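Please examine the structure shown below. The paragraphs that follow lead through selected helix contacts and then turn to the chain interface.

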Amino acid sequence: MNALWFDIAHLLAAGVLVLSLMLLYQDRITAVINVFALQAVVLSLSVGWQSVVQGAPHLLATAFIALVAKGIVIPTALHRIVRKLDVHREVERVVSGGPTMLAGLGLIALSILLVQPVVETADPVAREDFAFALAVVLLGLLLMITRRNAVTQVVGFMSLENGLVLAATGAKGMPLVVEVSVAFSVLIAFIVFGVFVFRIRERFDTVDVNVLDRFRGERREHL
Amino acid sequence: MPEVAIGLWCIAGFLGIGVAATILGGRAIATPLVYGATLLVALGAVLLALTTLLGGAAPSTVVLPIGLPGIGAHFRLDALSAFFMLVVNLGAAAASLYGIGYGRHEHSPMRVLPFFGPFLAGMNLVLLAADAFSFLLSWEFMSLASWTLVVAHHREPANIRAGFIYLAMASFGTLCLLLAFGLLAAPGGDFTFAGMRGATVGGSAAALATLLALVGAGSKAGLVPLHVWLPLAHPAAPSHVSALLSGVMTKVGVYGFIRIVFDVVGDFSSWAGLVVVLAGGATAVLGVLYAVMQRDLKRLLAYSTVENIGIVFIGLGLALAFRANGQGPAAALALTAALFHVFNHSVFKSLLFFGAGAVLTATGERDTEKLGGLIHRMPQTAVVFLIGCMSIAALPPLNGFVSEWLTFQAILLSPQLPQWGLKFAVPAVGAMLALAAALAGACFVKAFGVVFLSRPRSPAAAQATEVDGFALTAMLTLAWICILAGTLPGLVVDALAPVARQLAFVALPPQAGLPWLSLVPIADSRSSYNGLVIFFFLVASGTMTAAVVHRLASRSTRKSPIWDCGYPLDSPVTQYSSSSFAQPIRRVFGTVLFGVHETVDMPRPGETRAGRFRMRVRDPAWRFVYGPLARGVLRGAVRLNRLQFLTIRRYLALVFAALIVLMLVVAIWR
């Protein structure tokens, strides 16, 4: 395999990871959605490059789905939701930026530690990809639990799914049907989330999930 | 038809009786019909067990196509099963006969009758099961059936609590047995006892399995500190069921231990014997100490069961230790002693519970402080109860003495053991056994004296009437068995020979041919016992003394104050009561061990209220084992309760943290 090809694959996968870290750092919801769209674009580039490297044309379809669905459709829809809900100026962190970034770095180290020995025998592209993919999944989870706005939690979930796609395309021979089904399930999850967000808004005039907890008769958290 | 198939038909009969009892419903005819039917089936099973045991038949097996698919259910009848089948069904037959009369006083017969037959079926199934699955299934079936009988009188909150504790302990015991079988399973996953016997497991696995079997079967049998359910649950049931629970079901627990440890695990180390001996010694002493302090007659009997199980386990532990050291005859002696005591205890404990039931029917009282003077109102019950008391207190020439004497003979052989730990520990346990035997004497002097002697302490006791003929026949039969097994112990020992040969690989020398039917367990020069001679000596000397007193006493008239029997006041409360009789023993042993706390609240001069005496006794098992355990669980539950009310985000964070922790574990301990 050409060393340059490997480097480019590596660069793109690492780009997805760096954008995950950027997601963690964003304060405003609009910025979060923009970074998420950017991550989706880089992901589709990475998947496309994998299709070139592996000589697997069906991965191009995956890249296309990622670009259209996550790079364009979902961010646009999310922007509309945010505008309609009028929450685009809200800062909605539970844990402040610094500690979150540190935790994120720790998670990346952990996933590299964990994955490297397991896939030692796999080819180097897949090896790096798996570590990055696991880190992206973990960072997506971290985003979900450090934010209190439902829209950001949706973004966290989508970014987690990006990690899954990254892992799936890194391995040779992943059938298209798996990727398509993953993409569709994410789309459906997005619809469900969207409906929920609007229902919450209708009932409580806010999308702050803490209000749900107060509705359940629980104390408000002061984090 | 092989013997085991007949046994299975008996079990089917018991189950069918349960179904028939449900169909018959609450009609008056149901009680005699059900108990009569169980009596017949139990007698059939007794006959089968006797022919198998005495006929020396080869073990018979049968595989039924039920249970786990592809494996089936294995059943086997060998000498050990046959002996325990004899014990179980003898008790069952007596309880059925007693129940024909006693059951008429039952106010809710539909809570007892449908479960009586299945309970007997469950106990017999355990004895015949020959693979782990059917064994555990029948074990649980037996536990559940007996639980329904424990909570038969469910209107009393104490009974429901007893049932709950029993259920918890029974589940715990079954869990231990399940793990033990898991450890013992043959490498190919063969769960039949034959397969496990053939498989060799490592020393540590065998040791762990033995411990688990001791805990699992011991919780059913009533080993300290696993005995806590027993004094609560046994008295809660109707009296004939109490007799079955205490006299018979604990023996099924003993059977489970013998089957797993002696038969399936085999020899691995002599320290197992040491552990069992020590557990038995502690159980014997604590059980009888607690029994002495009881006021409730049925609870006293239940605690005395704990003591007797301790004696049985001392014998079993000695047999294990001797067998691990290759000392066959000594192992056979210890094992025979333990099995003899199993038989004896099942007989006299059933007899005593029947007696307690008779007292309960006649007076409505279980509290000994409200009884007394019943020997005048219920003379026949008093005589058979006295025979039961003398047997359990190990007085010659009755059967309790023989088995305890044999146990002592085995203890006296302990210097033969090569291990120093055993050499020191076994004589100490012998001293504990002697203490337990003496305290059992005191305990049953108290039980008989307070209930049957002196003057009635309540109107109910003063108006008691003798019980019905069925109950009396059942008690008389058991009393005769006590006398016969005590005076002709050689026959019983010979009958136990096949079991000893199966488990200790040798049997005691045959006793039947010895002159004067005496019992010589090891050698003539060492020790011998002749119950028959003692019996005749006691009868002859007693008759002669009576004759001499009557013949030589003066008939002349004397003038003197009336003998007031030591009670110058007329009130019955001036008599010795149950608590005052036990006070010296309670003061000596109870203060430290049982945390006995006595307070006397005397009225000041001029005050008209009555003085009060309060006493609090706490079971050390509750204080040191179950109390802290229950408090710990409660505290943990209260802490964890907060998890119910977290936010969605925190639940996510918990999942995330769990994932991270697992990943860290994998990363560090790869």
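**Helix packing and the chain interface**

In chain B, helix 16 meets helix 19 through Asn399(B), Phe401(B) and Val402(B) on the side of helix 16, and through Cys482(B), Ala485(B) and Gly486(B) on the side of helix 19. By class, the residues of this contact comprise four nonpolar and two polar, with no charged residue. The model in which these contacts are found is predicted.

The geometry of this pair can be described through the helix axes. Helix 16 of chain B spans residues 399-412 and helix 19 of chain B spans residues 469-487; their axes come within 7 Å and cross at roughly 40°. Helix 16 of chain B is therefore oblique to helix 19 of chain B.

A second pair in chain B is formed by helix 11, residues 271-293, and helix 12, residues 297-324. The axes of these two helices come within 7 Å and cross at roughly 160°. Because of this angle, helix 11 of chain B is roughly antiparallel to helix 12 of chain B, an angle over 145 degrees being counted in that class. The crossing of helix 11 of chain B with helix 12 of chain B is left-handed. The residues of their contact divide into 21 nonpolar, eight polar and one charged.

Where chain B touches chain A, 12 residues of chain B are in contact with 13 residues of chain A.

Key
Residues numbered from 1 in each chain as written. Chains lettered and ligands numbered in written order. Predicted model: local features only at pLDDT ≥ 70, side-chain atom pairs only at ≥ 80, totals over all residues. Contact = placed C-beta atoms within 7 Å. Axes fitted to C-alpha atoms, helices over the stretch in contact; angles between N-to-C directions. Helix = DSSP H or I, 4+ residues; strand = E, 2+ residues; numbered from the N terminus. Parallel < 35°, antiparallel > 145°, perpendicular 65-115°, else oblique. Nonpolar A, V, L, I, M, F, W, Y, C, P; charged D, E, K, R; others polar. Left-handed = near helix turned anticlockwise from the far one by under 90°.
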